[in-house]
Amino acid sequence: MMHCLLDTEEMAEADRGAIAGGVPGIALMEAAGAACADAAVDLMAQTPGGRRVLVACGPGNNGGDGFVAARLLAERGYAVTLAFLGDAARLAGDAAIAAARWTGALVPLEQADPAASGDRAYDVVVDALFGAGLTRDVSGVPAAFLERLAASGLPVVAVDVPSGLDGNTGRVRGTACPAAITVTFARRKPGHLLQPGRALCGRLRLVDIGIPDAVIESLAPNTFANEEPLWRAAFPHPGIDAHKYSRGHALVLSGPADATGAARLVARGALRIGAGAVTIGSPTDALAVNAAQLTAIMLRPCDDADDLAGLLEDPRITALALGPGLGRERARALVEAAAGAAHARTRALVLDADALTAFAGEHAALARLLAGVERVVATPHAGEFAKLLSDCPEAREAPSKLAAARAGAAALGIVLVDKGPDTVIAAPDGRAAINTTGTPYLATAGSGDVLAGFCAGLLAQSMPVFEAACAAVNLHGRAGARVGPGLIAEDLPEALPGVLGEVLDPASG
Ligand SMILES: NC(=O)C1=CN([C@@H]2O[C@H](COP(=O)(O)OP(=O)(O)OC[C@H]3O[C@@H](n4cnc5c(N)ncnc54)[C@H](OP(=O)(O)O)[C@@H]3O)[C@@H](O)[C@H]2O)[C@H](O)CC1
Ligand SMILES: [K+]
């Protein structure tokens with residue numbers, strides 16, 4: 001369960017649970033501080049002669065971790081300056097114990113100069129001002145300190161989070177200084193994976209400080225990093241007696257003659273990820289264009305809603321993907337036809353692009369249409385998400401991308417894939433995952449079409465809907481990273497066999 005994430009309230013609860021179960025709070029703090037000291041040592045090892053550390057401690061337990069790190073670094077022979085924010089007499093609980101164990105001086109934070117030069121220059125700074133207890137925007141003395149620190153360019157170890165980063169939302173409150181290493185405890189928080197938090201954290205180091213797994217499991221966390229343990233057990237593998245229709249059949253709807261490429265990318269993605277058969281339903285005027293560029297993928301005419309209803313009489317079509325290249329009006333008619341077609345309840349639907357913007361500002365109408373369909377995935381990018389859910393205040397005004405995706409999924413009653421550099425996959429039952437794979441090179445035309453195809457291909461094989469969407473997003477990111485610079489969307493399905501070999505059978509990778 002290392003892939004589950006805890007928000008700051010859950011983390012505090014885990015902390016309390018561990019203490020109630022007999023693990024002293026100061027033992028947790030000592031372990032946390034020791035891991036931060038190790039990270040500072042690792043950074044100093046990269047600086048020839050590095051031995052001078054500035055530890056900036058805040059008034060809560062994050063500062064307590066800093067006091068421990070300062071003491072352990074001094075014990076190891078490093079020259080440590082401890083800068084403190086606040087009134088030491090007001091330190092309480094474990095932080096007060098940790099502070100009492102520090103026998104060196106306390107320099108008021110406003111007097112600490114991370115940019116000092118010459119004999120007084122620092123090699124590394126430990127940022128222990130605020131962690132999970134950040135309650136408001138950082139301003140005044142700590143803000144000025146963090147800004148000077150950022151300008152200094154010194155390598156920074158952030159304790160739990162870069163101070164000022166909101167661990168729940170990934171957003172900066174006031175200001176924050178980018179870290180070289182962020183050391184966090186027990187489990188990651190959403191803010192470590194959501195942007196801009198992810199970028200601010202630098203290398204993220206997750207350490208076990210002695211909170212028992214059972215305590216964390218008792219919290220039944222429902223937010224996850226989108227990593228293989230989340231979906232590998234549900235991934236479809238063909239049985240020894242497989243034939244093409246037992247691996248599912250995906251139908252993909254094409255746009256008119258001048259907009260057919262998207263459907264072929266969707267179809268190719270669905271085929272590569274294992275759908276036994278894939279058919280493109282194409283307007284008559286585009287049949288020749290499509291036929292000229294298809295081999296394993298089949299082709300059937302599909303001009304309008306009636307044609308689609310006819311095609312969907314076939315119960316072997318287990319997933320339908322539509323949206324890209326369709327135009328809004330046609331997309332809307334086809335979504336309506338799909339939702340009312342034979343076998344609609346059990347046939348999976350993947351909606352993208354025009355199939356989503358066709359319902360801009362009318363999310364409730366789309367939710368009503370889809371209420372009877374068991375497995376639906378929608379894959380909006382930020383602009384499509386905002387349009388589709390412009391009439392849903394819970395999504396529009398949510399404090400984070402995670403909360404927005406959750407609210408959108410709940411309002412629509414479907415699985416939402418809120419795409420971007422920190423794609424969030426959310427289910428209407430409250431589960432949500434933040435993706436960790438990918439590369440900026442995925443920001444290229446047609447990339448999203450392939451993702452829709454990966455979703456359709458897994459759903460066609462009867463994979464459960466949330467797990468299918470998570471697997472599709474993870475594998476899409478991995479395929480992109482595998483190709484890297486020069487990536488075009490056509491490469492993504494072709495990179496998939498290598499990625500699948502690595503992920504599903506690590507011994508072969
Ligand atoms: N859970 C664990 O596994 C462990 C976590 N540890 C560390 O503890 C912190 C969380 O500690 P907590 O005391 O809850 O909170 P912080 O230290 O992050 O911050 C609280 C203090 O900071 C003040 N504050 C908050 N925001 C601001 C701001 N913008 N400007 C100025 N001051 C601010 C706050 O003041 P109030 O007036 O709001 O009360 C508090 O004084 C966690 O991140 C870990 O590092 C344990 O050490 C080990 C176990
Ligand atoms: K911090």
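Which residue in β7 is the bridge partner of Ala 158? I looked this up and found Thr 182 as the bridge partner of Ala 158 in β7.

Before going on, I note that this is a predicted model, in which local features need pLDDT of at least 70 and side-chain atom pairs count only at pLDDT 80 or more, while totals for chains, interfaces and linings use all residues. Residues are numbered from 1 along each chain as its sequence is written, chains are lettered from A and ligands numbered from 1 in the order in which they are written, and side-chain values use heavy atoms, with hydrogens and water left out.

**Sheet.** I followed β6 (residues 156–159) and β7 (residues 181–185), which pair in the parallel sense over 3 bridges; strands here are DSSP runs (E, at least two residues) and helices are runs of H or I of at least four, numbered from the N terminus, and two strands pair if DSSP finds at least two bridges between them. Both belong to an open sheet of 7 strands with parallel pairing, in the order β4-β3-β2-β5-β6-β7-β8. I noted β4 (107–108) and β8 (203–207) as the edge strands, each pairing on one side only. Helix α2 (residues 25–45) packs on the sheet and touches β2 (52–57), β5 (124–128), β6, β7 and β8, where contact means heavy atoms within 4.5 Å. The direction of α2 makes about 165° with that of β7 (axes are lines fitted to C-alpha atoms, for helices over the stretch in contact, and angles run from 0 to 180 degrees between N-to-C directions).

**Ligand 1.** I then listed the 23 residues around ligand 1, of which Asp 65, Gly 131, Ala 132, Arg 136 and Asp 160 come nearest (a residue counts if one of its heavy atoms lies within 4 Å). A polar side-chain atom of Asp 160 is 2.5 Å from an oxygen atom of the ligand, and one of Asn 62 is 2.9 Å from an oxygen atom of the ligand. A polar backbone atom of Arg 136 lies 2.8 Å from a nitrogen atom of ligand 1. The protein covers 78% of the 940 Å² of accessible area that ligand 1 has on its own (Shrake-Rupley method, 1.4 Å probe).

**Asn 168.** Last, I looked at Asn 168, in the loop between β6 and β7. The side chain of Asn 168 makes a polar contact with that of Glu 9 at 3.3 Å (a pair of N or O atoms within 3.5 Å; within protein, one must be able to donate a hydrogen and the other to accept it, and residues adjacent in sequence count only if both atoms are side-chain atoms).
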